[in-house]
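I am keeping these notes while I look through a structure. I write down what I looked up and what I found.

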Amino acid sequence: MEEQKKKVRLYALSTCPECKRLRQFLDEHNVKYEVIEVDLLDSGEQWVMTKELKRYNPEVYYPTLVIEEVISGFDGEAIKEALDIK
Amino acid sequence: MTPELLYEILSKYAESQGIQLNKDREYVLEILEGLLTNESRYGYRSCPCRLATGVKEKDADIICPCVYRDPDIKDYGRCYCRLYVSKEWDEGKVKHVKVPERRSKDH
């Protein structure tokens, strides 16, 4: 199977049903992802993660899914494709 | 308390207020499980769809039913968590949209 190019990170709460459904969806589609269940962290870690989540989504909504594409070096074609530049 | 028993109690409570629980029972039971988890964690049933601090005074507005429930049902037909809904929302007569967070950003 081709290696997944995009990094996927999920900010979730262990208690939130919508978060569970999103995870099921990702699993069903064989998406590799990292999940952070913010409510299970200690208070210092929660502060850090909430701040990080706020950068992506000021609304601080759970679940929030962040999909990032990593481009190594200056690859014009890859940048065009990632940013949908015609 | 079990999610099933809480379901029975809250569905009667919702009806008494002219609203109802989401007809997706499986989803509702998951919310109720989250509420009970938060109750054993913090000592009160804070919203399972939001991050609680564990300090009751700070979380007072998100103890279920949260203070945003009624305005959210009025404007969108459902609460933030999709636990309490209007009859119209449940019957699909109201467009299903994501409910924006009314809570102040300082939380």
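**Notebook: cis bonds, core, helix and sheet**

I started with P65(B), which lies in the loop between α3 (56–59) and α4 of chain B; helices are DSSP runs of H or I with at least four residues, strands are runs of E with at least two, and both are numbered from the N terminus. The peptide bond from C64(B) to P65(B) is cis, with omega near 0°.

I noted that this is a predicted model, in which local features need pLDDT of at least 70 and side-chain atom pairs count only at pLDDT 80 or more, while totals for chains, interfaces and linings use all residues. Residues are numbered from 1 along each chain as its sequence is written, and chains are lettered from A and ligands numbered from 1 in the order in which they are written.

I then looked up P63(A), in the loop between α2 (43–56) and β3 of chain A. A cis peptide bond joins Y62(A) to P63(A), with omega about 0°.

Next I listed the contacts of Y62(A) (two residues are in contact if their C-beta atoms, placed from the backbone, lie within 7 Å). Leaving aside neighbours within four places in sequence, the list includes L13(A) from chain A, and C49(B) and L51(B) from chain B.

A residue is buried if 20 or more other C-beta atoms lie within 10 Å of its own, exposed if 12 or fewer, and partly exposed in between. This core has 34 residues, and L13(A) and Y62(A) have the most contacts inside it. α2(B) gives the most to the core, with four residues.

I checked the length of α2(B). After α2(B) comes G43(B), with a positive phi near 95°.

I turned to the sheet of chain A. It is open, with three strands in the order β2-β1-β3 and mixed pairing; two strands pair if DSSP finds at least two bridges between them. β2 (34–37) and β3 (64–69) are at the edges with a single partner strand each, so one side of each has no neighbour in the sheet. β1(A) and β3(A) run antiparallel and are joined by six bridges. R9(A) stands opposite V66(A) in β3(A).

Notes
Core = buried A, V, L, I, M, F, W, Y, C linked by C-beta atoms within 7 Å.
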